[in-house]
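Please keep the sequence and the model in view while reading.

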Amino acid sequence: MDNKAVLQMYVPLVTFIASIVGKHSEVVLHDLSEQETSIIAIENGQISGRTIGDAPTNLVLQVLQDKTYLKKEFIANYKAYGKNGKVFRSWSYFIKNQVNELIGVLCINSDVEHFEKAKEWIDSFLHVEEKEQGQEVDQAVRRELEHLPEHLHGQVEDVLASMIHQTMMHIPTPPERMTVQEKMDIVKQLYHQGVFQLKGGVHAISKQLKSSEPTIYRYLQKIKEEEKDSF
């Protein structure tokens, strides 16, 4: 069975899961053979503003890049953020083919704002100290997710802009005054986050760093060679 056929078997599950978790939870199926338009099925997309044909999230790209899926079948109970800053509780299941390649991701993103408000009221009523509840994510994965929170953007341009902004915001030096090493460090971080899995990644980064596209390609080549030599 080819990859497309495998993923088509998951399409009815999107509607099925949505009927269980309810209208406050978005259920999304990604086909990673179409990385710029990976969403092939979605229910309750109004929660994040996404629709069929939208791009994968920064977290999906990072999982694809660092091959987290080889060590885990899923990641669960982590935070994601919508365009308006709304916080979601999320779960992602990795869909792999017979040779253990990641071909898709099935995600659930729950808007827990109303539950959080109810919890605050109950805690204040019972005088219970705030404490994290529910299934815990593996500590190594939790650290990774805290370092790179998931953002539920739709269009590929928005995904790229968000990932680049989140990386560059920690560097006070404006691009025109950055050293070559500083720019390479930014490119390296974005490489590990999976930015270059998307078409347009090099162009978007070159624009933000005020460098030419050939320069970004040279940085990438050097980064790959250095990492290859380190093994």
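How many of the residues of S4 are buried? S4 is mostly covered, with 7 of its 10 residues buried, where buried means under 20% relative accessible area, exposed means over 50%, and partly exposed lies in between (1.4 Å probe, protein chains only). Helices (H or I, at least four residues) and strands (E, at least two) are DSSP runs, numbered from the N terminus.

This is a predicted model, in which local features need pLDDT of at least 70 and side-chain atom pairs count only at pLDDT 80 or more, while totals for chains, interfaces and linings use all residues. Residues are numbered from 1 along each chain as its sequence is written, and side-chain values use heavy atoms, with hydrogens and water left out.

**Strands and their pairing**

Two strands are taken to pair if DSSP finds at least two bridges between them. S5 (residues 102-111) has 10 of its 10 residues buried, so this strand is largely enclosed by the rest of the structure. Strand S1 (residues 25-31) pairs with S5 in the antiparallel sense over 7 bridges, and within this set Asp31 has Gly104 of S5 as its bridge partner. S5 also pairs with S4, again in the antiparallel sense, over 9 bridges; here Lys96 has Leu102 of S5 as its bridge partner, and Tyr93 stands opposite Leu106 in S5. S4 and S5 form a hairpin with 5 residues between them, and Asn100 in the turn has a positive phi of about 70°.

S4 pairs in the antiparallel sense with strand S3 (residues 74-81) as well, over 7 bridges, and the bridge partner of Lys79 in S4 is Arg89. The hairpin of S3 and S4 has 5 residues between the strands, and Gly85 there takes a positive phi near 90°.

**Salt bridges**

Side chains of opposite charge can pair when their charged atoms come close. A salt bridge is counted here when a side-chain nitrogen of Lys or Arg lies within 4 Å of a carboxyl oxygen of Asp or Glu, and a search of the whole structure finds 5 salt bridges.

| Salt bridge | N to O distance |
|---|---|
| Glu26 with Arg50 | 2.7 Å |
| Lys96 with Glu73 | 3.3 Å |
| Asp111 with Lys86 | 3.2 Å |

Glu26 and Arg50 form a salt bridge that links distant parts of the chain, since Glu26 is in strand S1 and Arg50 is in the loop between strand S2 (39-43) and H3, 24 residues apart. Glu26 is buried, and so is Arg50.

Lys96 forms a salt bridge with Glu73; Lys96 lies in strand S4 and Glu73 in the loop between H3 and S3, so the pair ties together parts that are 23 residues apart in sequence. Lys96 is buried, with a relative accessible area of 17%, whereas Glu73, at 44% relative accessibility, counts as partly exposed.

The side chains of Asp111 and Lys86 also meet in a salt bridge. Asp111 lies in strand S5 and Lys86 in the loop between S3 and S4, so this pair ties together parts that are 25 residues apart in sequence. Asp111 is buried, with a relative accessible area of 10%, and Lys86 is partly exposed, with a relative accessible area of 25%.

On a 1 Å grid over the protein atoms alone, a cavity is a set of points where a 1.4 Å probe fits but cannot get out, and lining residues have an atom within 4 Å of a point. Grid points are joined across faces, edges and corners, and a volume is the space filled by probe spheres set on the points. By this rule there are 2 cavities of 30 Å³ or more, and the second largest cavity has a volume of about 30 Å³.

The lining of the second largest cavity consists of Leu59, Val60, Val63, Ile75, Ser92, Phe94 and Val105. Helix H3 (58-66) and strand S4 (87-96) are the elements that give two or more residues to this lining, and the largest share, 3 residues, comes from H3. By class, the lining has 6 nonpolar, 1 polar and no charged residues, where Ala, Val, Leu, Ile, Met, Phe, Trp, Tyr, Cys and Pro count as nonpolar, Asp, Glu, Lys and Arg as charged, and the others, Gly among them, as polar.

Key: 1 Å grid on protein atoms, 1.4 Å probe; cavity = no way out; pocket = protein on both sides within 12 Å on 5 of 7 lines; lining within 4 Å.
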